Amino acid sequence: MTRLASALRVGAAAILLSLLAPTTPAHASKCPSDTVFNPITKVRWNCIFPITIGGVRVGSYDKLDKALDAQSASKPLCACRKGATFWFGVKVSFWTPNRMVDVVTEPGCMTALGVDLLPTGGKLQGSQSSISDGTNTTKLFAQAHYYIAPVWKMLDMFTDLPCIEDDGFDVAMITEVLPTWQSGTLGAIIQPEGILFGNPAAGLACMADSAAAAAGKTIDPLFWCMGSWGATYPVAGDIHMGDRVEAWAGLAARTTFMMGRLGALTIHSEDGCSFKAQPIWTKSRYKLQIMEPVKGGKCVNIGRPGALWTSGKHAPGKDNAQFMLFEKAICCAGISTP
């Protein structure tokens, strides 16, 4: 009886292993190992400008910066309270690099870490497919990884400013574990509001956002639009593609939007005293800089047409991208009172 029980256990284990084994051949990962994040060399540091201190602007600026700095210039002094502590000072605003996003066709390829942490045996692969709707366009599918990467904290710089985040480097989200990212239909189940924007009227509204993005601006109330990069809904890994680099940026922006829907996105308050939750993103508070496969020369506002910035950014044979996300920081820098 003991031998029979042992034989049955071995047989059951063999059957279980055969069921769990992948039916497709193992996928040889193409994840590069030379993409480890280096904040000194990969970050485009001129993107932190302009810096506004007490209403005085330092560095070059564009239309988006001018609009965001208008309040700081009109109200240069500030006062804050946190618990029993008060402090008075001047408003300081700048663009801070504090998040990163990978957009990869190799599932589990953590570009910022230079390793493949999740071999999937050929499943969850990125893909490119044609759309037979007469538009001669294609659709790209890719996975995304969202990192908490407060560069100032990592470099131990400006840590005395109250608006600099004190978090450490962390992997906040990987889409490989989200069924909703693999299918827009599943995403509509937990984000049913997306159905409201799947109509011609909402699509026509995005034309205005696309025109604004081309001029270096964004229209924040049109939160379902990403300018020339497409729409935020459905919140999934599929996106229409005319320019691959532009499609990468669209998925990176959509990932940022998704983090807000998951309750994991914050921005600096306009008075410079605290952080506030962003269940619906404020597009004008973010800029993207491509770091891989080719380092970008500047940051771009959400939705900026690829024809204006993507030239030469797609190295042959490299289909994994990495972006630095810059956020507009507004902080009240001053002296606390007893």
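A: Leaving aside residues up to four places away in sequence, Asp102 touches Cys109, Met110, Thr111, Ala112, Gln143, Ala144, His145, Tyr147, Ala321 and Gln322; a contact here means heavy atoms within 4.5 Å. The model is predicted, so local features need pLDDT of at least 70 and side-chain atom pairs count only at pLDDT 80 or more, while totals for chains, interfaces and linings use all residues. Residues are numbered from 1 along each chain as its sequence is written, and side-chain values use heavy atoms, with hydrogens and water left out.

Asp102 belongs to strand E4, residues 85–104. Strands (E, at least two residues) and helices (H or I, at least four) are DSSP runs numbered from the N terminus. Asp102 counts as buried because its relative accessibility is 0%. Buried means under 20% relative accessible area, exposed over 50%, and partly exposed in between, with a 1.4 Å probe and protein chains only.

One of the residues touched by Asp102 is Tyr147. The two are 45 residues apart in sequence, and their C-alpha atoms are 8.3 Å apart in space. Their side chains make a polar contact at 2.4 Å. Such a contact is a pair of N or O atoms within 3.5 Å; within protein, one must be able to donate a hydrogen and the other to accept it, and residues adjacent in sequence count only if both atoms are side-chain atoms.

A disulfide is a pair of cysteine sulfur atoms within 2.5 Å, and the whole structure has five of them. Cys109 is paired with Cys31, with 2.1 Å between the sulfur atoms. The torsion about their S-S bond is about 75 degrees, so this disulfide is right-handed. Cys31 lies in the loop between helix H1 (2–20) and helix H2 (39–42), and Cys109 in strand E5 (residues 109–110), so the pair ties together parts that are 78 residues apart in sequence. Cys31 and Cys109 are both buried.

For comparison, Cys80 and Cys273 form a disulfide with sulfur atoms 1.8 Å apart. This link is left-handed, with -80 degrees about the S-S bond. Cys80 lies in strand E3 (residues 77–82) and Cys273 in the loop between strand E12 (266–268) and strand E13 (275–277), so this pair ties together parts that are 193 residues apart in sequence. When the bonded cysteines of the protein are numbered in sequence order, the pairing reads 1-5, 2-9, 3-10, 4-8, 6-7.
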